Amino acid sequence: MYAISLGDDGAELRPLEVWHAEELLASMDRGREFIGRHIGLADAVSDLDGARAWLKSYADKRGADAGSVHGIWLDGKLVGGLLFRVWDTPGGVCEAGCWLEPAAAGRGLVTRGMRVLLDWAFEERGMHRVEWYASSANEPSINVARRLGMTREGVLRENFRHRGVRASTEIWALLAPEWRAARARTAHNDH
């Protein structure tokens, strides 16, 4: 399959498939507490069967054109992932998300990888709107949304329970015309 370079630091974006279950579990084990602070993935992928089941759910989504998951590898090791949790082709709306091990945080990997996937979603697949949901307490995720040029549209106050505590969700979104305008400005500034 594909491997897309995310820069000169050895980072790559690749498909994350069922046969990567052991790598996904190892990544979760390395970052379980960090990843689990804000999202349930660390709890869902608690053993090899859980890793396989979670990856199979995304293989099924991909087969139905309803979502996908992509891994971020750094120097050949899976350190995080990007996903389209929801993908509605007829409606032109999808929801993107991410996770990352703590050792890989702060390098811009999620932002760089999401730029690749946003280009694909808007330009190749014809999405009109990409949404980004983040716990109000998850500053790194909110910062990614900002760096991608998303607009904060609102907060769902205490709308879900995470590990027994009520949490709020911020909703961020980016529209295709906004993405294209930002890309054009970047291209203009590069010349």
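The model is predicted, so local features need pLDDT of at least 70 and side-chain atom pairs count only at pLDDT 80 or more, while totals for chains, interfaces and linings use all residues. Residues are numbered from 1 along each chain as its sequence is written, and side-chain values use heavy atoms, with hydrogens and water left out.

## Two helices that cross

Let us start with a pair of helices. Helices (H or I, at least four residues) and strands (E, at least two) are DSSP runs, numbered from the N terminus. Two packed helices are described by the angle between their axes and the distance between the axes. Here, an axis is a line fitted to C-alpha atoms, for helices over the stretch in contact, and angles run from 0 to 180 degrees between N-to-C directions.

How do the axes of α1 and α3 cross? Helix α1 (residues 21-36) and helix α3 (residues 48-63) have axes that come within 9 Å and cross at roughly 115°. The two helices are therefore roughly perpendicular to each other. For such labels, angles under 35 degrees count as roughly parallel, over 145 as roughly antiparallel, 65 to 115 as roughly perpendicular and the rest as oblique.

Which residues make the contact? From α1 come A21, E22, L24 and L25, and from α3 come L48, A51, R52, W54 and L55. Contact means heavy atoms within 4.5 Å. Sorted by class, this α1 and α3 contact has seven nonpolar, no polar and two charged residues. In that count, Ala, Val, Leu, Ile, Met, Phe, Trp, Tyr, Cys and Pro are nonpolar, Asp, Glu, Lys and Arg are charged, and the others, Gly among them, are polar.

V45 is another residue to look at here, in the loop between α2 and α3. Its contacts, leaving aside neighbours within four places in sequence, are L24, L25, M28, R32, G50, A51 and W54. V45 and L25 are 20 residues apart along the chain, and their C-alpha atoms are separated by 6.5 Å.

## Aromatic rings

Next, find the rings. The structure holds six aromatic pairs. Rings of Phe, Tyr and Trp (its six-membered ring) pair if their centres lie within 6.5 Å; planes under 30 degrees apart count as stacked, over 60 as edge-to-face and the rest as tilted.

One of the pairs is W54 with W99: the ring centres are 5.6 Å apart and the planes stand at 85°, so the pair is edge-to-face. This pair links distant parts of the chain, since W54 sits in helix α3 and W99 in strand β5 (residues 93-100), 45 residues apart. Both W54 and W99 are buried. Together with Y58, they form one aromatic cluster.

Another pair is F84 with W87, whose ring centres are 4.9 Å apart with planes at 70°, so this pair is edge-to-face.

## Buried or exposed?

Buried means under 20% relative accessible area, exposed over 50%, and partly exposed in between (1.4 Å probe, protein chains only). Here are some residues to look up in the model.

| Residue | Relative accessible area | Class |
|---|---|---|
| V45 | 0% | buried |
| F84 | 0% | buried |
| V79 | 4% | buried |
| W87 | 6% | buried |
| H38 | 16% | buried |
| R163 | 40% | partly exposed |
| R146 | 46% | partly exposed |
| D75 | 62% | exposed |

Where are these residues placed? H38 is in the loop between α1 and α2 (41-44). Not counting residues up to four places away in sequence, H38 touches S135, A137, N138 and H162. V79 belongs to strand β4 (residues 77-88), and beyond its neighbours within four places in sequence V79 is in contact with S27, I72, L74, L100, E101, A104 and L109. From C-alpha to C-alpha, V79 and H38 are 17 Å apart in space, and they are 41 residues apart in sequence.

R146 is part of helix α5 (residues 139-147). Not counting residues up to four places away in sequence, R146 touches E139 and W172.

Finally, look at two loop residues. D75 lies between β3 (68-74) and β4, and D75 has a positive phi of about 50° although it is not a glycine. R163 lies in the loop between β7 (151-162) and β8 (165-175), and R163 has a positive phi of about 50° although it is not a glycine.
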